[in-house]
Amino acid sequence: MSVWGRALRSQAHRRNSVPWALAAVLIFLGACSNGANGESDESGPALSFASVTVGRGFVCGLVNDGSIACWGDNYAGQTDAPDGEFTEVVAGASHACALETGGSAVCWGSDNSGQASPPDENFVTLSTSGWTSCGVTADTAVICWGNSYYDRGAPPTEGAVAVDADIDHACALGENATFSCWGGGVSIDDPFIDPGRRFGDIALGESFTCALDESGEVGCWDHYEQRSLSVPAGAFDQLSVGIEMACVLGAGGTASCWVPDSEQEVAEAVTFDTGLDSISVSSSAVCGVRSSGDIICWGDDPAAILDVPDGEFTDVSSADARACAVSAGGEIVCWGNQFPRQGGIPEGKFAGVSLGLWHNCGLRTDGTIACWGLTFNASDSATSSIDIGELWAPAGEFTAVSTGVHHACGLRPDGAATCWSFEESSVDPYVEAPEGSFQAISSTLNNSCGVRDDGSLVCWDIFGLSDEFPDPILDVPAGKFSQVAAGFLGSCALQTLGEVACWGTFSGDTTAIGDQTFTDISVSTGFACGVQTDKQLACWPIEDRENDGLVLQVGTSNVGVFSPPESMAGELAQVSSGSTHVCALFTDGTIDCWGAVTPAPGGVAFEPFPQAFAEQRAKATFGF
């Protein structure tokens, strides 16, 4: 959604940025490992960078010596940068491409659509999207490879100096400072684009496009609905766009970012920093290169999940790239990424905690439930505000709680299931739950599962949205069970004898996990992990996706996610898995987290998004 562009207005500013498309809200970002217990394993001096590009959960930088350094999610090998000398690097969703000094393109990471298999051409610049890569050849033609949903038009065969690709369309900047677009839903019939206007940069988001003309004025428009979007006033030198946000670089290297909005004439841009030479935007982070060669990033720090707190704990839960644990003293301690930003943790003594994507709930020692998280559906939209704070939870005593994406469920002392929604505060918050008595419960996107007192399983659709996810997720296996872990595309349950059975969209018939026996299980979007009876870890796939190469890092050793590690820091008591990371509670009460990641090198720092910008993002994400 953003493009590396050759800024004709200011050749001094060269830009690397990243396009990628959000495939689903539950494609959770992973976490960067800094070694065992979150300690840094950096060595040597800090690197000095010439440019930076941000992908989905990973970042690559062009080092001043021409080499490439990448860090962050590495489940598809997207941070395994090749050796050599390069002049440019661009990052997609889970792949990256670089331009060798001789003009050849080299790509690495996910190649399921051929996006990491460049043609044998001589290029002068590159661009990547989620599953597509493009380049401008030495004879000014645009060539794209990989998967695309382009359904009309064609890339120019001559006269191009820069290109940007998105999920379903692309645009090229021409030698004459005009640009052309092709693909699905493309329109450039906007008042900003009048005949004779000359441009220096263009950048594509998932549903909107922005351009910078030679005077430095920026314009953005929705390319599906052909309507203008808000932009900041002023003249700028550089432009970069993410999935729902845009940034410009102005005088003094000042980075200003905003969320384009059709209801505003002038965008409320938020200043991030000054003294930057270039910027790059994704959906989860904004990174800039300072004149010193250091990189500063705002947003989700892929290493934050590894900042595991010291102490003894009794329970742990993770979601997205965040985690919370209950200390031995009963307090809830949280760490990890900042969207939604941390805060609002309730006081008191707790026995358990359960995290959802945007909401969290804790079970107090007195049996009451306290929930907190993103408050984004105030009853009066005119005065609504976005914050992290306390959420409504039903009164009374409970013995267990499990948090999904839009709802949570709890078990009463008599075994009855009570479920409630986080969506609306002005209507009845209770949602459907089956009658009867349960001994265990688990919630996920829009469905929950429970183990009845007789050991049988039942899964139910909370909001009546079964048409939006495949029925097999609700088709539970027969047998006697003691624990269930519900997932969006696949679920697993622990049988009373310790065996595990999994079912769901991609697993076909109910699948028994070998002859292993377990004491605890956790389900992610693409794999599950369990604590074996020997207190060691085992993980296995539950979804038919290209994650056979998914690698977890345990301490300083890389471990295949579907193979148990040879050794752990201790004996496991509980496991909680994310899409590309795992957090484990050991029998001595300590916690460790690791993932399919590469640590950031020296010279790279992360900061949270400014609060004003975090609120803009939340408003755009949740539609108010």
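A pocket, as the term is used here, is an open set of grid points with protein on both sides within 12 Å along at least five of seven lines, and its lining residues have an atom within 4 Å of a point. Colleagues, please keep in mind that this is a predicted model.

With that definition, I turn to the second largest pocket, which is lined by 48 residues. Which residues lie nearest its centre? They are five serines: Ser-317, Ser-354, Ser-402, Ser-442 and Ser-443. The elements that contribute two or more residues to this lining are β24, β27, β31, β35, β38, β42 and β47. The space in this pocket comes to about 990 Å³.

Next, the nonpolar core. The largest one has 17 residues, and among those with the most contacts inside it are Met-245, Phe-272, Trp-298 and Phe-613. Two or more residues come from each of β18, β19, β20, β21, β23 and the helix α1 (611-622). Strand β21 gives the most, with three residues. Phe-613, leaving aside its neighbours within four places in sequence, is in contact with Met-245, Cys-257, Trp-258, Val-270 and Phe-272.

Finally, an open sheet. Four strands form it in the order β13-β14-β15-β16, with antiparallel pairing. Strand β15 (residues 218-222) pairs with β16 over three bridges in the antiparallel sense, and Cys-220 stands opposite Leu-229 in β16.

Technical notes. Residues numbered from 1 in each chain as written. Predicted model: local features only at pLDDT ≥ 70, side-chain atom pairs only at ≥ 80, totals over all residues. Heavy atoms only, no water. Pairing = 2+ DSSP bridges. Core = buried A, V, L, I, M, F, W, Y, C linked by side-chain atoms within 4.5 Å. Buried < 20%, exposed > 50% of the residue type's maximum accessible area, 1.4 Å probe, protein only. Contact = heavy atoms within 4.5 Å. 1 Å grid on protein atoms, 1.4 Å probe; cavity = no way out; pocket = protein on both sides within 12 Å on 5 of 7 lines; lining within 4 Å. Points joined across faces, edges and corners; volume = space filled by probe spheres on them.
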